[in-house]
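Open the model in your viewer and keep the sequence panel beside it.

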Amino acid sequence: MFKKLAIFFLFISFASIADDGSRLWLKYDLLKDPKQREAYINLTKFVALNYNSPIATNAANELKIGFEGLLGKKIPVVQNWTGKTGGIILEVNTTGISVQHLVDDGFAIQQQKGNIFITAKTPSGVLYGAFELLRYIQTAKDLNKISVVSNPKVKIRMLNHWDNANGTVERGYAGSSMWKWTELPFRIDPRYIQYARANASIGINAASINNVNASSRFLTAEYLEKIKAVADILRPYGIRVFISVNFRSPRTLGGLKTSDPLDAEVRKWWNDKTKEIHEYIPDFGGFLVKANSEGEPGPQDYGRTHADGANMLAEAMRPYSGIVIWRAFVYNADPKGDRFKEAYEQFKPLDGTFDPKVIVQVKNGPIDFMPREPFHPMFGAFPKTTLGMEFQITQEYLGQSTHLTYLAPMFKECLDTDTYAKGKGSTVAKVIDGSLDSHQNSLMAGVANTGSDINWTGHPFNQANWYAFGRLAWNHTLSSEEIASEWIVMTLTKNSVSQEKIKNIMLKSLPVYISYTYPLGTAHMMGEGHHYGPEPWLAKSGRPDWTSVYYHRADSIGLGFDRTGKVSNALSLYHPEVQKLWGNADQCPLDYLLWFHHVAWDKKLSTGRTLWNELCVRYYGGVEEVKKLQTVWESMKTEIDDETFENVKGRLKIQEKEALWWRDACILYFINYARMPIPSPLAAPTRSLDEVKKLVEIYHLR
Ligand code: BDP
């Protein structure tokens, strides 16, 4: 009996570890349809490689692993192609006609005389082409007439890890750091290779490995050894390593009396340090710097400008191919000011003074990765500076790892918005890809959501945000729908009915999240410090602009931050066409309304409802939508792997509970200002504001 039971439990446990999510979208499971397999097998009899390099070899190997998994057949990789047909030919070719339309990382895939050629100018291009071909098979596309020419729109497609030396991750929600600093350089976790493959498969070619709130420790010889080991693993997948640096390092590490960027000894220290880094990592990508922001040191400590600081580091990088990425996330603690304007105002006089090796990295919105922000006014206003984009993939303000929130629509909303900098069509995307102002360099960075969790990202759907970021950095014209479709079929299910249902869930998820957290253009009302859950009543903090009341400005008259000429006039930072779109409260799109206007509680909106009623409808509607998402998810039980199904199901329940928490907190708090009833048929919350306030303690968030 005991034996039987043991076998039964063994069976149960095997059945339940079917898919732990560790393979991300690179599953390569056998295609079920034999006919489909047959069609692909005829075109993939061998892989031939005409070029000897670690990256190209990885491209060939990836095809081999992919074909063997998907098609269930061993595929030889040959070095010299003899003219045989029925295979995949990988070619690095710098001069031929086939590469004339390609940029460095681009690739072409063409059917020619019975073979499929993947051609590129560089080994990285071939690697990206190999992954594109695999994606064709994973998403069941026809290979017979394949004809692809693909160039990345942005040159540096980068993850920013906010990982600390002690293994924690700032704003990480998927366990601890994936970098095992205490083990490096002696033990190489096999996950580093999986990480590199996943990134290469979506075109990511750069990673800064440590927190922007940087410890100088990362520049010590001890850590450079460790970072070298990581760089050596990532290099054969076309990924260059960057380091976030602490501006005070010449003092803390070098023992100098100052870190003044104009001081000769300081400059020498950085020159020497940069040289030393290159001895470990010859293709070092460069420095990422958070300076004079949230207490971090910077050039302003010595009366110098951001340009002085950045240009000093650019000079140190001059002999090498790397660059300096200088963040524009800066703001002062001025209770009378408007944080919205600060980065713009500090950087505007510096436009044209940055070294060509410097890229200024700007967050998508002017405040701080809020679920919906208007685009940062710096985009379209700095023609002489290369501006890079910083998105946040990790969901600090977007449900962390308990809310299902697909972020491609948020990235797209920003990229597709028109800045009108050079007339109609001057989108943020064109600023970022360098085409608007003819910049040579370009950068899109995403704050990573990876961690030590077996599935990398905590919530299984958060993988889609990593995926979407990479795909959009490569090609910002892809739609959120296309990207979701690809990811779902590669990651979750081959069943087309379920694919549609999941796509709908994903596309709805951001508007749903926003409606029960930050409807109508509200912002920054999250719990203090941990940033989890609602705290609209937060009125005291280390700085006024870390409170909630600073942002929502609720009073007996209305709600919202007036950024028109009457008060902060932040709107004036935008081009006149944008000011026109957002400047009039009667015409401003409701999604941005309270970003720019203080609106009376009883003002009738374009929906026919008063502001208060509209707010209620959105908060309540958001909670109902989460319930609907759960019903749709439940209907797919038989189509989704058990472990993933249960994982998402559990998280959706938490999401419902927390949506209700947000709704009750905000409604019960704002009703004291609005002094209007909750419109019927909506039922008043069953708990009091005091009870809701206590939830922060119950959740141990204090
Ligand atoms: C804020 C995060 C903080 C980061 C900061 C940044 O709360 O942890 O250090 O952004 O981007 O959103 O520097």
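Below are the stops, with what to select at each.

This is a predicted model, where local features need pLDDT of at least 70, side-chain atom pairs count only at pLDDT 80 or more, and totals for chains, interfaces and linings use all residues. Residues are numbered from 1 along each chain as its sequence is written, and side-chain values use heavy atoms, with hydrogens and water left out.

**Stop 1: the whole chain.** Show it as a cartoon. The chain has 21 helices and 16 strands (DSSP runs, numbered from the N terminus: helices are H or I, at least four residues; strands are E, at least two). Its radius of gyration is 26 Å, close to the 27 Å that the globule rule gives for 702 residues, so the chain is as compact as a globular protein of that length. That radius is taken over C-alpha atoms, and the rule is 2.2 Å times the number of residues to the power 0.38. The C-alpha trace spans about 80 × 75 × 60 Å along its principal axes.

**Stop 2: burial.** Colour by accessibility. Of the 702 residues, 61% are buried (under 20% relative accessible area; exposed is over 50%, partly exposed in between; 1.4 Å probe, protein chains only).

**Stop 3: helix α21.** Select residues 689-698. Which residues of α21 are buried? They are Leu689, Val692, Leu695 and Val696. Their arc around the axis is only 100°, which puts them on the same side of α21 (directions run from the helix axis to the C-beta atoms). Turn to the other side: Asp690, Glu697 and Ile698 are exposed there.
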